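Biologist: Please walk me through this model. I would like to learn how to read its side-chain and helix features.

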Amino acid sequence: YIKKLTANNIFVINFEDLGEGAELTNLTINELYDDRLITGENILWGKQYFFVREEFDDAKPNQFKENIDSLLIMFGGTDPNDYTRKILRAMKDDCQKKNIKIFVITGGGYSFIEELEEEINQIKDVEIEYHHSMNVVSHIMEKVQIAITSNGRTAYELAHMNIPSIVLSHHERETTHKFTREENGHIPIGVYKGVNTEEEIRRKFEQLATDNGYRKMLFERMSSFQFTKNKEKVVDLIYSVLEH
């Protein structure tokens, strides 16, 4: 397909592409991959090319708080593995004991809305605020101190908002997104493997909730990330391709 486009003198710029056509474009930007996974001088890699959506332009990144009062559970636009319900079940008792409110956000492609809503309605001992396909998630991110999320763009948004996060990958390919590591303020868990994964998440959550020194270290590692300015850099790159 890329060959046909370029053969007809059509400029091709791809984002997040590891396929065979990535090397044949005028420009490919793989902003979610810090490590170079395929060859090609036309391919740019890494977080320096990631930019947040416009809603974050006016959002206020969090200041460090000594006390934890809220947790965000958010697993992207589709959450095909239904991590949302699995992690909510795993975390509700710990949050109840610590009087921590849970914010749950699902995307437009999430297929288990009715089941999730029914499950939330049955939980009486912890405060849960649920939003589906909301337009402005930054308003919620401004309120929380910890998140459990998937290994995609949401992790960058959470870093932009200074929210230390436990990161669960949907599949092995997501584990190649190396931005989500402790040196950048995240705690990577890998791919879900049942009860053992849930127990590991609970242990990490307990550490974040009780060890302020550890959480502050992750918070400070995130505080240098501001992903609004990169948009101008990417737009300039696009124009530079079109001008040639």
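Modeller: The charged end of Lys233 lies over the ring of Tyr49, 5.5 Å from the ring centre. The model is predicted, so local features need pLDDT of at least 70 and side-chain atom pairs pLDDT 80 or more, while totals for chains, interfaces and linings use all residues. Residues are numbered from 1 along each chain as its sequence is written, and side-chain values use heavy atoms, without hydrogens and water.

Biologist: What counts as a charge over a ring?

Modeller: NZ of Lys or CZ of Arg must be within 6 Å of the ring centre and within 35 degrees of the ring normal. Lys86 also lies over a ring face, that of Tyr192, at 5.6 Å from the centre.

Biologist: How many aromatic pairs are there?

Modeller: Rings of Phe, Tyr and Trp (its six-membered ring) pair if their centres lie within 6.5 Å; planes under 30 degrees apart are stacked, over 60 edge-to-face, the rest tilted. By this rule there are 12 aromatic pairs. Take Phe50 and Phe227: their ring centres are 5.4 Å apart and their planes stand at 90 degrees, so the pair is edge-to-face.

Biologist: Where do Phe50 and Phe227 sit in the chain?

Modeller: Helices (H or I, at least four residues) and strands (E, at least two) are DSSP runs, numbered from the N terminus. Phe50 is in the loop between β3 (43–45) and β4 (70–74). Phe227 is in the loop between α7 (212–222) and α8 (230–243), 177 residues apart from Phe50. Ring pairs link Phe50, Tyr156, Phe179, Phe225 and Phe227 into a cluster.

Biologist: Is Phe50 buried or exposed?

Modeller: Buried means under 20% relative accessible area, exposed over 50%, partly exposed in between (1.4 Å probe, protein chains only). Phe50 is buried at 2%, and Phe227 is buried at 3%.

Biologist: How do helices α2 and α3 cross?

Modeller: Axes are lines fitted to C-alpha atoms, for helices over the stretch in contact, with angles from 0 to 180 degrees between N-to-C directions. The axes of α2 (residues 83–98) and α3 (residues 113–122) come within 10 Å and cross at roughly 15 degrees. Contact (heavy atoms within 4.5 Å) involves Thr84, Arg85, Leu88 and Arg89 of α2, and Glu115, Leu116, Glu119 and Ile120 of α3.
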